[in-house]
Amino acid sequence: GPGCLNNSGTALVTGGTFLKALNRQDVSRPNAIQVSGGTFSEPLDLTYCVDGFIPTATTVGDTTSYGVKETDAVAVIAKGDGSYTECASLPQAVGFVPANVSTTITVLRDITGCGQTKIEANKNVIIDLNGHDVTFAKSPTGTTASYPCFTVRPTVHLTLTGTGTISESDPIWTPICVNGSGASDAKYACSVTVEENVTLKGWSGIVVDPIAKTIKAAYNVSITLAGKIEADTYGIYVNGGLSNATGPVPEIAVTETADIDSKGDGIYAAGYAKWTLAGQISARTAIVARSGVLTFKGGTYTSIMQDAFEEVAIDHPGGAVGTGAALSVSTADGYGATTIDIQGGTFVSANGPAIYEYAAPTIVGGEAPASQVTLAISDGTFTADGEYGALLLTAMDNPQVVSGGTFSTAVPEEFCTAG
């Protein structure tokens with residue numbers, strides 16, 4: 001009938017007066033109604049606007065009318081009266097967010113050359129990419145503290161939603177750096193959530209870093225990755241300086257929808273954190289663990305390194321040692337204990353063992369540290385290639401770790417739990 005729109009048409013509104021609210025409740029396409037002009041009796045949702053236009057509200061006396069206007073803003077924040085605050089940059093938009101109020105910043109166009117965007121002081125920020133990409137500027141010389149990225153500080157909660165990509169123009173750091181607090185009080189908590197249709201690109205996708213070099217903890221940090229990471233070196237990296245293993249250590253969840261693709265390591269768990277893993281990771285070495293608690297609920301972990309696998313003779317604890325195993329876990333001087341609980345998942349190595357555990361000296365002729373690894377395998381699928389078996393456990397005092405699972409090679413009896 002009049003005013004009706006089927007599921008294949010598009011209504012372009014460039015003018016006119018509308019006494020009823022626009023409604024596309026039976027039309028699945030978000031751009032079925034596109035507004036660039038007109039006057040409306042009720043507030044207009046931003047999603048109805050043509051790209052480059054935003055809703056307005058004009059009050060004369062006791063009457064408020066609503067319309068749209070063209071804008072050069074890169075992002076907007078809803079005011080609550082039907083109009084929007086226009087923001088010339090993402091750092092400016094974050095600066096407009098009030099403390100202790102969950103606030104959505106909607107990106108209106110692709111952003112390049114974005115500067116460092118610190119989020120602090122009790123802010124709860126939701127950034128809706130809205131189909132657009134954000135690229136941070138080239139990093140200046142100096143410390144990582146000055147590098148352009150989203151820097152998440154204590155008392156902050158950041159959610160990245162919508163569809164789009166956040167990347168470094170010069171991949172030497174990360175799009176998201178999380179600085180947890182050195183104080184264990186829960187009031188200093190911070191969190192980052194990366195939703196399913198968001199992609200992060202950089203040297204690392206997410207970094208958890210000390211808030212200062214002298215701080216050995218990042219308390220009350222919570223990270224949830226449901227989206228995708230494309231990394232040059234590490235998908236997710238926890239700085240090895242975060243050695244404190246007590247109190248509310250960082251908690252990181254890689255969900256079923258998460259996908260990490262790294263030219264280096266998918267996860268470098270250097271510093272101490274608690275991980276819950278269920279996503280898809282493909283990398284030269286899918287996971288390198290030096291400390292922390294890693295619980296595998298499912299997912300697929302594939303190491304694609306084509307170099308010939310070699311056992312580690314000399315360790316280099318200043319960085320990850322990519323062995324080519326799907327899960328490489330080691331004991332190294334200066335790092336804490338590591339607990340691995342594999343309850344499910346698929347672990348595949350293109351040219352080595354699926355699981356490799358070791359301890360090695362840091363100098364030729366040196367003494368290897370005593371193993372601090374605890375491993376339990378109750379389920380999962382483990383596939384290895386080459387001369388090594390699916391499991392290569394070389395340093396554990398008690399390697400009786402397997403109570404279930406499917407393996408591409410026979411599991412040695414000394415690796416099986418009693419019974």
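Which side chain meets that of Glu 230 in a salt bridge, with 3.6 Å from N to O? Let's find out, keeping in mind that this is a predicted model.

The partner is Lys 201, whose side chain meets that of Glu 230 at 3.6 Å, N to O. Glu 230 belongs to strand 19 (residues 228-238) and Lys 201 to strand 17 (residues 198-209), so this pair ties together parts that are 29 residues apart in sequence. Glu 230 is partly exposed, with a relative accessible area of 30%, and Lys 201 is also partly exposed, at 34%.

Lys 228 counts as partly exposed, at 30% relative accessibility. Together, Lys 201, Lys 228 and Glu 230 are linked in a network of salt bridges.

## Reaching from strand to loop

The structure holds six salt bridges. One more of them joins Asp 232 to Lys 263, with the closest N and O atoms 3.8 Å apart. Asp 232 sits in strand 19 and Lys 263 in the loop between strand 21 (259-262) and strand 22 (265-269), so the pair ties together parts that are 31 residues apart in sequence. Asp 232 is partly exposed, at 32%, whereas Lys 263 is exposed, at 60%.

## A space inside

Now for the cavity. A search of the whole structure finds one cavity of 30 Å³ or more, and the largest cavity holds about 40 Å³ of space. Its lining includes Lys 216, Tyr 219, Leu 242, Asn 244 and Tyr 272. By type, the lining residues are seven nonpolar, one polar and one charged.

Conventions. Residues numbered from 1 in each chain as written. Predicted model: local features only at pLDDT ≥ 70, side-chain atom pairs only at ≥ 80, totals over all residues. Heavy atoms only, no water. 1 Å grid on protein atoms, 1.4 Å probe; cavity = no way out; pocket = protein on both sides within 12 Å on 5 of 7 lines; lining within 4 Å. Points joined across faces, edges and corners; volume = space filled by probe spheres on them. Nonpolar A, V, L, I, M, F, W, Y, C, P; charged D, E, K, R; others polar. Salt bridge = Lys/Arg side-chain N within 4 Å of Asp/Glu carboxyl O. Helix = DSSP H or I, 4+ residues; strand = E, 2+ residues; numbered from the N terminus. Buried < 20%, exposed > 50% of the residue type's maximum accessible area, 1.4 Å probe, protein only.
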